[in-house]
Amino acid sequence: METVYDLGQKMIESLTKEKVQAGDVITIDKPSGKITRLGRSFTRARDYDATGGQTKFVQCPEGELQKRKEVVHTVTLHEIDVINSRTQGFLALFSGDTGEIKSEVRDQINHKVAEWREEGKAEIVPGVLFIDEVHMLDIECFSFLNRALESDMAPVLIVATNRGITRIRGTNYQSPHGIPIDLLDRLLIISTDPYTDKEIQAILKIRCEEEDVDISEDALVVLTRIGVQTSLRYAIQLITTANLVCRKRKGLEVSKEDIRKVYSLFMDEARSTLFLKEYQQEFMFNEIPEIQPPVSGDKPSA
């Protein structure tokens, strides 16, 4: 089936830009006039003796030339709120100056999105809200999260903390992880276990590959032992410094001597604490009181 079109100057420029030739298969977006080159028809595959590797051959379309194409746009509720909150709301998305959005606008958008959802015109995909160090939030933030989670459009909430039983900020009450009990009851708590020796060794090996560091098996065993006795972060930080020592001696791979050298140069948290306790009197502004022996004749206070 053939159809004759009257092309304007804009479409002619698009054809020239896409380098469209006779035998190419293209698509034309009718509302915008955008032309996209899909490839070259199989019927013209023998026009040239040789073709480049970037040449793509596609089947020639059959049937009606004009077809309806469903286009899916992915937008967030915040973007819809910003666009409808002011006259030039679309430009506010690029400038970042969204300003304050009234609750009436949000309610109207939520009602409209609910109608689109019932009619099948829209689909709501819940997002993910990740909050690290959640114990730093105060009681008002937790109250807001409690109310927001009851909404149908609420995202999946993931929180992380390393605190035990501690005080909830803004109150005098203590709670597990510093989270109120009513919010904690809504969460699924994921338990974690310490890394085993094999897991630490596997993590360190992957880290060496990511940093392009060649390390011997003996050095990896020593580094794993350091990670078990101190911490995994400290062992990971020794990889870069040990590689610098290896380069200085013009070695091909990090050896256990390099690991031992950087281990003696850089202290971990436990050794640093012992050093400070041993030489605390030689530092300024010492806050640890010195324990003095009782004088003869005085009774030690309980």
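User: So a nonpolar core is a set of buried Ala, Val, Leu, Ile, Met, Phe, Trp, Tyr and Cys residues joined through side-chain atoms within 4.5 Å. Which residues have the most contacts inside the largest one here?

Analyst: Those are L204, I215, L223, V254 and I259, in a core of 22 residues. Buried here means under 20% relative accessible area, while exposed means over 50% and partly exposed is in between (1.4 Å probe, protein chains only). One heads-up: this is a predicted model, where local features need pLDDT of at least 70 and side-chain atom pairs count only at pLDDT 80 or more, while totals for chains, interfaces and linings use all residues. Residues are numbered from 1 along each chain as its sequence is written, and side-chain values use heavy atoms, leaving out hydrogens and water.

User: What about S255, buried or exposed?

Analyst: S255 is buried, at a relative accessible area of 17%. You'll find S255 in the loop between α9 and α10. Not counting residues up to four places away in sequence, S255 touches S216, A219 and R249. With R249 there's also a side-chain polar contact of 3.3 Å. That term covers a pair of N or O atoms within 3.5 Å; within protein, one must be able to donate a hydrogen and the other to accept it, and residues adjacent in sequence count only if both atoms are side-chain atoms.

User: Switching topic: what order do the strands of the three-stranded open sheet have?

Analyst: The order is β1-β2-β3, with mixed pairing. β1 (24-28) and β3 (57-58) sit at the edges with a single partner strand each, so one side of each has no neighbour in the sheet. β2 (residues 35-41) and β3 pair in the parallel sense over two bridges, and S41 stands opposite V58 in β3. Two strands pair if DSSP finds at least two bridges between them.

User: Which helix lies across β1 and β2?

Analyst: That's α1 (residues 9-18), running at about 45 degrees to β2. Axes are lines fitted to C-alpha atoms, for helices over the stretch in contact, with angles from 0 to 180 degrees between N-to-C directions.

User: How many bridges join β4 and β5?

Analyst: Five, between β4 (residues 128-132) and β5 (residues 156-160), which run parallel. I131 stands opposite V159 in β5. From β4 the chain crosses through α5 (residues 139-148) to β5, a right-handed β-α-β crossover: with the strands pointing away from the viewer, the path from the first strand over the helix to the second runs clockwise.

How values were computed
Helices (H or I, at least four residues) and strands (E, at least two) are DSSP runs, numbered from the N terminus. Contact means heavy atoms within 4.5 Å.
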